[in-house]
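Please take a moment with the sequence and the 3D view below. The text after them goes from the whole chain to single residues.

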Amino acid sequence: MSNWKAEVLNEYSKNPQSIGREAARKYGVSWSSLWDFKQKILSGAVVYDEVVSKPKILLFDIETAPLLVHNWSLWQNFTSLNQIQEDWFMLSWAAKWLDGDEIYRDNLPNHPKTFAENPSDDLAIVQSLYDMINEADFIIGHNLKKFDNKKSKARFLKHGFVMPEPYRMIDTLDIAKREFALTSNKLDWLATYLGFENKVAHEGHGLWVKCMAGDEEAWNTMIEYNDHDVILLEDVYKEIRGWSTNHPNLAVYYNDARLRCGVCGSDDMEPIKKTVKTNLSEFKAYRCGCCGKVGRDGTNLLSKTKRSSLIRNIT
């Protein structure tokens with residue numbers, strides 16, 4: 001819905017009597033449109049969270065085939081380009097929208113005719129992943145920046161796609177490394193450490209070999225493995241996001257003026273006793289009741305006199 005509806009609903013919650021002809025002029029809509037919307041509010045047909053726009057956040061994970069190469073020994077291999085027999089390609093992907101129920105997926109056997117003719121032709125699944133990413137404002141993955149994002153873009157490039165529409169990245173591996181000193185930063189370890197399920201167990205490299213050979217049972221395991229990774233990714237992300245010190249500000253993507261958490265977008269913000277002080281400013285601080293993140297507002301509490309008395313450091 002358009003921005004005026006979110007603003008009207010927010011104003012109505014504070015003062016129902018203010019929603020009249022003057023409000024219609026204020027928001028630049030016809031009185032009849034505002035009247036119809038007000039009746040929906042009165043009937044309970046409008047829920048605020050359904051009116052305000054939100055960021056679309058996609059969690060995803062890809063699986064790729066290995067390089068097939070000729071090597072002369074088991075140890076200290078330095079593979080030259082002319083030893084590569086077949087380059088890597090995408091086997092499958094799985095994704096879900098944050099807080100959504102449905103898991104979306106695509107894999108090579110989903111396209112049986114192409115898979116039978118050329119088992120390494122990943123155009124169809126690369127296309128479907130490209131379409132998903134184009135819908136997203138944010139993408140989330142574990143080792144996203146070095147693996148899933150770059151590998152995906154490599155296949156987009158291979159198949160002649162243009163650059164996807166703008167999105168921002170949230171990498172749970174980055175958060176884990178930046179904020180904690182864990183025994184391991186692997187997704188499986190993080191999930192177990194935080195009390196979630198383990199990743200789906202499998203035989204290792206042999207599973208990839210069998211999938212490339214078209215083994216149906218192996219593919220069933222691969223799909224389950226890929227799907228479950230996305231579920232674990234969401235569990236881990238939601239558990240650690242409130243600790244992130246460089247998380248993108250999700251509040252920018254909501255088309256209302258409510259005080260919102262920059263990490264999860266919740267408007268359940270409670271003021272805390274401490275204020276946040278920089279070298280030249282002081283701000284009110286709040287804790288999010290959803291993810292636990294502490295943030296500050298943008299209003300400087302220091303008076304003009306106090307600000308002018310502060311000595312700046314010289315570098």
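The model shown here is predicted. The protein contains 12 helices and 10 strands. Its radius of gyration is 25 Å, whereas the globule rule gives 20 Å for 315 residues, so the protein is more spread out than a compact globule.

Of the 315 residues, 41% are buried.

Now find helix H11, which runs over residues 216–240. H11 has 25 residues, and the distance from its first C-alpha to its last is 36 Å, close to the 36 Å expected at 1.5 Å a residue. At the start of H11, aspartate 215 places a side-chain oxygen within 3.0 Å of the backbone nitrogen of glutamate 217.

How many disulfides does a search of the whole structure find? The search finds 0. Cysteine 261 is in no disulfide, and the nearest cysteine sulfur, which belongs to cysteine 291, lies 3.6 Å away. A disulfide needs the two sulfur atoms within 2.5 Å. Is cysteine 261 buried or exposed? Cysteine 261 has a relative accessible area of 2%, so it counts as buried. Cysteine 211 is also buried, because its relative accessibility is 0%.

Terms used: Residues are numbered from 1 along each chain as its sequence is written. This is a predicted model: local features need pLDDT of at least 70, side-chain atom pairs count only at pLDDT 80 or more; totals for chains, interfaces and linings use all residues. Side-chain values use heavy atoms; hydrogens and water are left out. Helices (H or I, at least four residues) and strands (E, at least two) are DSSP runs, numbered from the N terminus. The expected span of a helix is 1.5 Å times one less than its number of residues. A polar contact is a pair of N or O atoms within 3.5 Å; within protein, one must be able to donate a hydrogen and the other to accept it, and residues adjacent in sequence count only if both atoms are side-chain atoms. The radius of gyration is taken over C-alpha atoms; the globule rule is 2.2 Å times the number of residues to the power 0.38. Buried means under 20% relative accessible area, exposed over 50%, partly exposed in between (1.4 Å probe, protein chains only).
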